[in-house]
Amino acid sequence: MSKFVPTSLAALAMVLAAPAQANDLRSDLAEDMPGLMELYRDLHANPELSFEEHETAAKLAKRMRDLGFEVTEGVGRTGVVSVMANGEGPTVLLRADMDGLPVVEQTGLPYASKVTATPASGVTTGVMHACGHDTHMAGFIGAAQLLVEHKDTWQGTLVMVLQPAEEIGLGALAMIEDGLYTRFPKPDYALAFHDAAAPAPAGTIGYTPGYALANVDSVDITVKGVGGHGAYPHTTRDPIVLASAIVMKLQTVVSRNSSPLDPAVITVGSFHSGAKHNIISDEAKLQLTVRSYSDESRQLLLDGIRRVARGEAITAGLSEELMPTVTVEDPYTPSTFNDPDFSESIATGFKQRFGENRVMQWPAVMGGEDFSQFRRAAPEDIKSMIFWISGTPQPMLDALKNDGTSLPSLHSPFWAPDAEKVIATGAEALASSAIDLMPRTGS
């Protein structure tokens, strides 16, 4: 099969501006929704942690096989790749993530998760789909069903990816390193959606051209010192005082080294040292999350962290062998970039299908998403976009408006999206976009 390349972005925009022909997706989706909601409730009640999605992957792989896809399991450990070739044309990748979080559910839903598991931390915990991946999977299956039902309206190759381990930022890379683009057709376009705890009616679509989500770096700093008795601090080199100075000075990397027009975040999320009131420890440990968009901004922040840690240690009089160590976790989650023209074209299709009032441009966020890896692996060949679908139930919006009750965020034990609206919107948006990107030509 020859690789499809659009002649121009203008031509692509013309294709996307025309609504999908000869297919009433919404009425067919309405018939599918009871089964999709049943699937959603099952997925919600039975979440699995990152790289442990064995039962989830198996049950969804069976559904894809039953729909006629060529299905491969175990890609990137627990990922599933489903391929359907339907004539000459472009290749479109649709993705959903599968993993839950180590969160004890407190939604009160009748199908709330009671699952427990022991993650890498070694602490047994409840497991919950607190990020809405259950809605992503149900919407993904809904899109697959629609695309099979309307197979006569598109031509090309559909690659549908169920990805593990998004929550730890490793699943997409694991699938790519396991041959996603060599063992299977390499896409021209990649699309995904994510539910959102947004102050907008459930089913509202948000999109962000350009940088949409951030680079996410985890940084560990080990601050060394010379311990001793708390009554005689002059005989020590106190790592807590030094680490505290580092924490405060780190904020100047953002406020004085980084451009105010280039968003950046350095947050110290953990500070551990010592064991008793009157003992000065010989070590302190800091854990940081560092957020940026461009590769250049990321490097500036990481270099600044190393410079501050070393500079403050020199100021404190530490010898070379006691300099702090700075460790940046690898791999990291790279920023998600939505190709601007492509995103605007997809959004144009959404506005025509769902109405202008249900589609709006949202600002970029400093959260992370490893969907970025699918484009990053071949940025010259693949145009990609991830978009948001608000899942905020109307009662929550009413409470926010009436008395200022804040919305639960993603990852909250109280997050219970309006799943039916997220799933219905996600399924229709993915399916219609795929059809528009793979228009049938000829008789």
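A pocket is an open set of points on a 1 Å grid over the protein atoms alone, with protein on both sides within 12 Å along at least five of seven lines. A cavity is a set of points where a 1.4 Å probe fits but cannot get out. Lining residues have an atom within 4 Å of a point. Grid points are joined across faces, edges and corners, and a volume is the space filled by probe spheres set on the points. This is a predicted model: local features need pLDDT of at least 70, side-chain atom pairs count only at pLDDT 80 or more, and totals for chains, interfaces and linings use all residues. Residues are numbered from 1 along each chain as its sequence is written, and side-chain values use heavy atoms, with hydrogens and water left out.

**View 1. The whole protein.** The protein has eleven helices and 18 strands; helices (H or I, at least four residues) and strands (E, at least two) are DSSP runs, numbered from the N terminus. The radius of gyration (taken over C-alpha atoms) is 24 Å, close to the 22 Å that the globule rule (2.2 Å times the number of residues to the power 0.38) gives for 443 residues, so the protein is as compact as a globular protein of that length. Along its principal axes, the C-alpha trace spans about 85 × 50 × 45 Å. Buried residues (under 20% relative accessible area, 1.4 Å probe, protein chains only) make up 52% of the 443 residues.

**View 2. The second largest pocket.** This pocket has a volume of about 420 Å³. Its lining has 14 residues. Leu-49, Ser-50, Pro-119, Ala-120 and Ile-168 lie nearest the centre. By class, seven lining residues are nonpolar, four polar and three charged. Here Ala, Val, Leu, Ile, Met, Phe, Trp, Tyr, Cys and Pro count as nonpolar, Asp, Glu, Lys and Arg as charged, and the others, Gly among them, as polar.

**View 3. The largest pocket.** The volume here is about 650 Å³. The lining has 31 residues, with Glu-166, Gly-367, Gly-368, Glu-369 and His-411 nearest the centre. Strands β7 (189-196) and β10 (215-224) each supply at least two lining residues. The largest share, three residues, comes from β10. The lining holds 15 nonpolar, eight polar and eight charged residues.

**View 4. The second largest cavity.** The structure holds two cavities of 30 Å³ or more. β3 (91-97) and α4 (133-149) each give at least two of the lining residues. β3 gives the most, with three.

**View 5. Gln-163 in strand β6.** Gln-163 sits in β6 (residues 156-163). Gln-163 is buried, with a relative accessible area of 0%. Contact means heavy atoms within 4.5 Å. Not counting residues up to four places away in sequence, the partners of Gln-163 include Arg-95, Ala-96 and Asp-97.

**View 6. Val-365 in a loop.** Val-365 lies between β17 (359-361) and α9 (372-376). At 33% relative accessibility, Val-365 counts as partly exposed, a class that falls between buried and exposed (over 50%). Leaving aside neighbours within four places in sequence, Val-365 touches Ala-212, Leu-213, Ala-214, Tyr-293 and Trp-388. The C-alpha atoms of Val-365 and Tyr-181 are separated by 28 Å. Along the chain, these two residues are 184 residues apart.
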